[in-house]
Amino acid sequence: MNLRGPVRIAEAVLDVERYELLRDGERVPLERLPMELLILMASRSGQLVTRADIVKTLWGGSPFRDTDTSINTAIRKIRVAVGEDPEHPRNLLTVKGKGYRLEVVQIAVPDLPPIAPPPPVRVLVLPFRDRSESADLQGLCDALADETSADRKSVV
């Protein structure tokens with residue numbers, strides 16, 4: 001399964017492109033290892049992911065690490081993050097002695113048309129009234145009116 005958009009897992013939504021997990025619209029913090037494991041299992045939706053596959057993918061097959069404990073801890077953190085009941089999981093299932101299987105639902109994301117830039121803003125300013133006693137300000141008032149009523153691409 002190619003994850004091109006968000007997928008639903010239990011009560012959560014995984015967006016691989018944004019590398020984030022959301023639950024009830026809120027971002028759920030998830031460490032790198034559980035997130036990578038979640039992405040691996042989501043990409044193989046419904047298929048068994050063996051512990052050997054996990055070790056090979058996440059640790060490059062290194063036999064010098066205590067991977068069993070790390071995998072168990074990551075699975076527990078994933079279940080908590082997606083809102084699964086660890087005692088009765090429904091989406092992230094343990095296949096005893098083999099590995100894990102994750103059921104995900106692809107969320108359809110409609111193709112949105114490109115966003116057009118907003119139309120230019122046009123501002124019309126009525127002539128300034130010179131209420132001063134100085135005749136020198138009439139030119140300034142005329143210049144301000146001309147400058148502010150010109151077409152602008154954006155409002156400053």
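Biologist: Hi! Which strands does helix α2 lie across?
Modeller: Helix α2 (residues 51–59) lies across β5 and β7, and runs at about 65° to β5. Keep in mind that this is a predicted model: local features need pLDDT of at least 70 and side-chain atom pairs count only at pLDDT 80 or more, while totals for chains, interfaces and linings use all residues. Residues are numbered from 1 along each chain as its sequence is written, and side-chain values use heavy atoms, with hydrogens and water left out.

Biologist: And what does α1 lie across?
Modeller: Helix α1 (residues 32–43) lies across β5, β6 and β7, at about 65° to β7. Helices (H or I, at least four residues) and strands (E, at least two) are DSSP runs numbered from the N terminus. The angles run from 0 to 180 degrees between N-to-C directions, with axes fitted as lines to C-alpha atoms, for helices over the stretch in contact.

Biologist: How do the axes of α1 and α2 cross?
Modeller: They come within 11 Å and cross at roughly 125°. That makes α1 oblique to α2 (under 35 degrees is roughly parallel, over 145 roughly antiparallel, 65 to 115 roughly perpendicular, and the rest oblique).

Biologist: Which residues make the contact?
Modeller: From α1 it's L33, E36, L37 and L40, and from α2 it's I54, T57, L58 and W59. Contact here means heavy atoms within 4.5 Å.

Biologist: Back to the strands. What order does the open sheet have?
Modeller: Its 3 strands are ordered β5-β7-β6, with antiparallel pairing. β5 (48–50) and β6 (92–95) each have a single partner strand, so one side of each is left without a neighbour in the sheet. From one strand to the next, the twist averages 30°.

Biologist: How many bridges does β5 share with β7?
Modeller: β5 and β7 (residues 99–102) pair over 3 bridges, in the antiparallel sense. For example, L48 has R101 in β7 as its bridge partner. Two strands count as paired if DSSP finds at least two bridges between them.

Biologist: How many bridges join β6 to β7?
Modeller: There are 4 bridges there, and those strands run antiparallel too. T94 stands opposite Y100 in β7. β6 and β7 form a hairpin with 3 residues between them, and G97 in the turn has a positive phi of about 75°.

Biologist: New topic! What phi does Y19 have?
Modeller: Y19 has a positive phi of about 55°, although it is not a glycine. Y19 sits in the loop between β2 and β3 (20–23). D24 also has a positive phi of about 55° without being a glycine, and its place is the loop between β3 and β4 (26–28).

Biologist: Is D24 buried or exposed?
Modeller: D24 is exposed, with a relative accessible area of 70%, whereas Y19 is partly exposed at 32%. Buried means under 20% relative accessible area, exposed over 50%, and partly exposed in between (1.4 Å probe, protein chains only).

Biologist: What about A12, buried or exposed?
Modeller: A12 is buried, with a relative accessible area of 0%. A12 is in strand β2 (residues 12–15). Leaving aside residues up to four places away in sequence, A12 touches V7, L21, L22, R23, A81 and V82.

Biologist: Last one: how many helices and strands does the chain have?
Modeller: It comes to 4 helices and 8 strands, in the pattern β-β-β-β-α-β-α-α-β-β-β-α along the sequence. Buried residues make up 28% of its 156 residues.
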